[in-house]
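I opened a notebook on this structure to set down, entry by entry, what I looked up. The notes start with strands and their pairing, and go on to rings and the core.

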Amino acid sequence: MRLSRIIMAFTVGLAVAAVPTAAGAAQPQPPVYPPTEVSLTIKPPAIRLGGTFTLKGTGFAPGEVKIDVEISGNPNAAPAQGTVRRSDGSAVAMSAVAYQQPQPAPTTFTVTALGDGTFTITYTPSRTGRHHFTATQGNRADDATGIVLPARPDRPGRPGGGNLPVTGDSLGTPLKLGGGLAGAGAVLVLLSLAWRRRGRFGIGSR
């Protein structure tokens, strides 16, 4: 009788201990998603100075993303001071000209990724060269590179741009050539009139 009670108590204890385990196993577990790969793209890949890059990131978690910009290549340089010689051999002194540069673009800043893990920003460089962008969030990062070319010299209003100066020699040569042609034309006209007069009055005829 005592043995049967012991076996019964042991069986009840096992049943009670198994209930929480079965209840926990019956509860749905949250799905496990694989880590999303981040991506950073830049468009267009090359611009002229004064243009704008568009950076787009995907796969990030909602929140702040750090952007670092590494610039390589020579910045815009002003002409060096010195002298140049004209076509007639005379020397003209040149002085260095300081171009007015815009406010330097930041090389480190943060952006906010939206709920879907994306962000889109624009970036306007303030110097030429290769611009290497790196987007970092925790242990996830990706990079993209854009090239900034010098501004076109025939487009004023941009850094390093503007119309080229007109020198005295560039106007002097066309004026001299035009004057010579005009003089030759006047001589031909006079000779033609003289020839007509000689023919009219019979001069030189037999």
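Entry 1, terms and source. I take two strands as paired if DSSP finds at least two bridges between them, and I take helices (H or I, at least four residues) and strands (E, at least two) as DSSP runs numbered from the N terminus. The model is predicted, so that local features need pLDDT of at least 70 and side-chain atom pairs count only at pLDDT 80 or more, while totals for chains, interfaces and linings use all residues. Residues are numbered from 1 along each chain as its sequence is written, and side-chain values use heavy atoms, with hydrogens and water left out.

Entry 2, the pairing of S8. I found that strand S3 (residues 53-58) pairs with S8 in the antiparallel sense over 5 bridges, and that Leu55 stands opposite Ile121 in S8. S1 and S3 also run antiparallel, joined by 5 bridges, and here Leu40 stands opposite Gly57 in S3. Together 3 strands form an open sheet in the order S1-S3-S8, with antiparallel pairing. Strand S1 (39-43) and S8 stand at the edges with a single partner strand each, so one side of each is left without a neighbour in the sheet. From one strand to the next the twist averages 20°, where axes are lines fitted to C-alpha atoms (for helices over the stretch in contact) and angles run from 0 to 180 degrees between N-to-C directions.

Entry 4, rings. I counted rings of Phe, Tyr and Trp (its six-membered ring) as a pair if their centres lie within 6.5 Å, calling planes under 30 degrees apart stacked, over 60 edge-to-face and the rest tilted. A search of the whole structure finds 4 aromatic pairs. One of them is the stacked pair of Phe109 and Tyr123, at 5.9 Å centre to centre with 15° between the planes. Phe109 lies in strand S7 (residues 108-113) and Tyr123 in strand S8, so this pair ties together parts that are 14 residues apart in sequence. Tyr123 also forms an edge-to-face pair with Phe133, at 5.1 Å centre to centre with 85° between the planes. This pair links Tyr123 in strand S8 to Phe133 in strand S9 (residues 129-137), 10 residues apart. Tyr123 is buried with a relative accessible area of 4%, and Phe133 is buried at 0%. Phe53, Phe109, Tyr123 and Phe133 form one aromatic cluster.

I used nonpolar core for a set of buried Ala, Val, Leu, Ile, Met, Phe, Trp, Tyr and Cys residues joined through side-chain atoms within 4.5 Å. The largest such core has 23 residues, of which Val65, Ile67, Phe119 and Phe133 touch the most other members. Leaving aside neighbours within four places in sequence, Phe119 is in contact (heavy atoms within 4.5 Å) with residues including Leu40, Leu55, Val65, Ile67, Val111 and Ala135.

I noted 2 helices and 10 strands, and 17% of the 206 residues count as buried.

Conventions
Buried means under 20% relative accessible area, exposed over 50%, partly exposed in between (1.4 Å probe, protein chains only).
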